[in-house]
Amino acid sequence: MLNSVVSIIEKSIKKYGKKIAYIDNENSVSFDDLEVMTSKIASRIIQMGCFNCPILVLSKRNVYTPVAYLGIVKSGNYYVPIDSTLNENRINQIIGATKSAILLTNRELLGDIEKLNFVGNVLVIEDLIEARLEPLLINDMNKKMNPMMPLYTIFTSGSTGRPKGVITSHLALINYIDAVNEVLNLSEEDILGNQSPLDYIAAIRDIYLPLFTGATTVIIPKNEFAMASELAARIDKQGITVLCWSAAGLEMTYKSGLLEEIRSNNIKKVLFSGSILPGRVLEAWQTRFPTASFINQYGPTEATASCTYYVVKEKASANTVLPIGIPYSNYNILLINEDGTKTEDGSIGEICVSGLGVTLGYFGDKVLSDEYFIQNPLNDKYREIIYKTGDLGRYDEAGMLFFCGRKDRQVKHFGHRIELEEIELYGKKIEGVQECVAVYDNDKSILHFVYSGEVEKKDIILFFRNNVPSFMVPRSVEKIEEIPHLPNGKIDIKAVQKLVI
Amino acid sequence: MEKLLQILEDVRPDINFLVEEKLITDGILDSFDVITIVEELNKEFDIDIKPKYLTAENFNSIKNMTKLIDILSN
């Protein structure tokens, strides 16, 4: 068995050599380049004496970002990716949580880094890929790695108002990418069009599939997703064959008219996840690319991106409700009732995941990890950790799993997880806000923030812009005289919902 | 122009639309912003902004957006 992601990189380099692994609109990195660059980055970090430590990568959306991630991995450490467009306060929260001693960044971002609360060593990626290569150090490090070591920590919305870092092992990632590729079956001829921000969980497919299959990933400039004709030109020009996009990405681009603008017919495989894809959107994509296969995926970051999948067999229509399907290889799904008993066939229960894809828990937070990563209550024979997703599911008679909503107030907004409590916790911090409620309109994908008090709407939006990632900024901010309450004194969320949705 | 500025500022009060000239090229507006803005413009000015008009050039500045609205309203 391969002991780490590093062995996989080495294998693919031998096999694919000069082929392009990653390309953006300015540069490209071949598998050979990847070998040299990651080894140089790793050489420098190993010399600094870190092993099995979190290392921050605050970088731009380009080919050198995955190179930096993999260089860190080769050095025996794990990366914590941060998009350079994230606001200062949020970045400082991640710095505070990880207490990382090293941060990798792009030269042009050095000015921004100075403003942060980071006190460790700042290394410039552009310098590192030119650094001296120390083959002996790399070789020794390879022998020290094991598959249970962390590979990365990705931060996601937390209901306590602090982002939580999900730590994933080499093993979980290798298992997931293998399992996805059993379904996707990519070859070295395939070209993936990356949509996901590189610091987000969904990007792991675009980053790692090339290493497993020899395929190429095109890092599409972010602003092209706002401009249908430019995105279409990119898809045509690069000959993109595979899209692993968020369902929201497929929907947004469909709405912006992308399907009419794409001239070529190269797209063969479309894998989507993150939220429920409306039937009419799938129908439009199927009509435009009739020979392509469409795959619905489901799963949280805590289960290494996805744990179930469904290959669409039917022609979709407006009424289509897709199942989330069956588990990927080496994943196991259980439905469990509130009291820890097994859910009866056909009934709704909480979706729990076990198997190789379960991640290592939340960074530096044993209490939270113990709450969600628990002993399987149905197993009293041996230790078996399951992850409780908080999602509700139901099996149909054919054994297909269907998604049935959330247990708590987490929502999916354009493919991103948002805890509504987190929005409210931030709202309460704004001077002049008396009471506030966040509600989500699923049909229109609008995050509403409703408040009472003496403060301008504009100041509220500004506060969110400065403190949370842009996808978490409410798109509708409404002031009302008084927030309605239930007889027990709690805020009447349903009544607020009725007011704005 | 005033109406347009109002729409833009409602979506992104943190941006000075009177000075920015690379709203799209520099990634100041993201795709969520653009979708919201396009929907509002279609509604407010009774126009239909087709995909072929969704280019960085047309949305990079308030001046260019005004031009686009003028073209589409006639």
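# Group meeting: a two-chain predicted model

Hi everyone, let me open with a crossing: in chain B, H1(B) passes H2(B) in a right-handed way, where right-handed means that the near helix is turned clockwise from the far one by less than a right angle, and left-handed that it is turned anticlockwise. Helices here are DSSP runs of H or I with at least four residues, strands are runs of E with at least two, and both are numbered from the N terminus.

A word on the source: this is a predicted model, in which local features need pLDDT of at least 70 and side-chain atom pairs count only at pLDDT 80 or more, while totals for chains, interfaces and linings use all residues. Residues are numbered from 1 along each chain as its sequence is written, and chains are lettered from A and ligands numbered from 1 in the order in which they are written.

Back to our pair of helices. H1(B) covers residues 2–11 and H2(B) residues 31–45; their axes come within 10 Å and cross at roughly 145°. Those axes are lines fitted to C-alpha atoms, for helices over the stretch in contact, and the angles run from 0 to 180 degrees between N-to-C directions. Which residues of H1(B) and H2(B) meet? From H1(B) we have Lys3(B), Ile7(B), Leu8(B) and Val11(B), and from H2(B) come Asp33(B), Thr36(B), Ile37(B), Glu40(B), Leu41(B) and Glu44(B). Contact, throughout this talk, means that the C-beta atoms of two residues, placed from the backbone, lie within 7 Å. By class, this contact has five nonpolar, one polar and four charged residues. The nonpolar set is Ala, Val, Leu, Ile, Met, Phe, Trp, Tyr, Cys and Pro; Asp, Glu, Lys and Arg are charged; the others, Gly among them, are polar.

Now zoom out to the whole of chain B. The C-alpha trace spans about 30 × 25 × 20 Å along its principal axes. Of the 74 residues, 26% count as buried, meaning that 20 or more other C-beta atoms, placed from the backbone, lie within 10 Å of a residue's own; exposed is 12 or fewer, and partly exposed is in between.

On to chain A, with its 17 helices and 26 strands. A compact globule of 501 residues would have a radius of gyration near 23 Å, and the 23 Å of chain A agrees. Its C-alpha atoms fill a box of roughly 70 × 60 × 50 Å along the principal axes. Buried residues make up 49% of the chain. Among contacts in chain A with a separation of 6 or more, 66% are between residues 24 or more positions apart.

How do the two chains meet? In total, 24 residues of chain A are in contact with 18 residues of chain B. On the chain A side, H10 (228–238), H11 (247–255), H12 (258–261) and H16 (457–467) each supply at least two residues. H16(A) gives the largest share, four residues. That side of chain A divides into ten nonpolar, six polar and eight charged residues.

Is Leu271(A) buried or exposed? Leu271(A) counts as buried, with 22 C-beta neighbours inside 10 Å. Beyond its neighbours within four places in sequence, Leu271(A) is in contact with Leu184(A), Cys244(A), Ile295(A) and Gln297(A).

Finally, some backbone angles. Most residues other than glycine have a negative phi. Lys99(A), however, has a positive phi of about 50°; it lies in the loop between H4 (88–98) and E5 (102–105), and is exposed, with 11 other C-beta atoms within 10 Å. Ser445(A) has a positive phi near 55°, and sits in the loop between E24 (433–441) and E25 (446–453). Thanks, everyone!

Conventions. The radius of gyration is taken over C-alpha atoms; the globule rule is 2.2 Å times the number of residues to the power 0.38.
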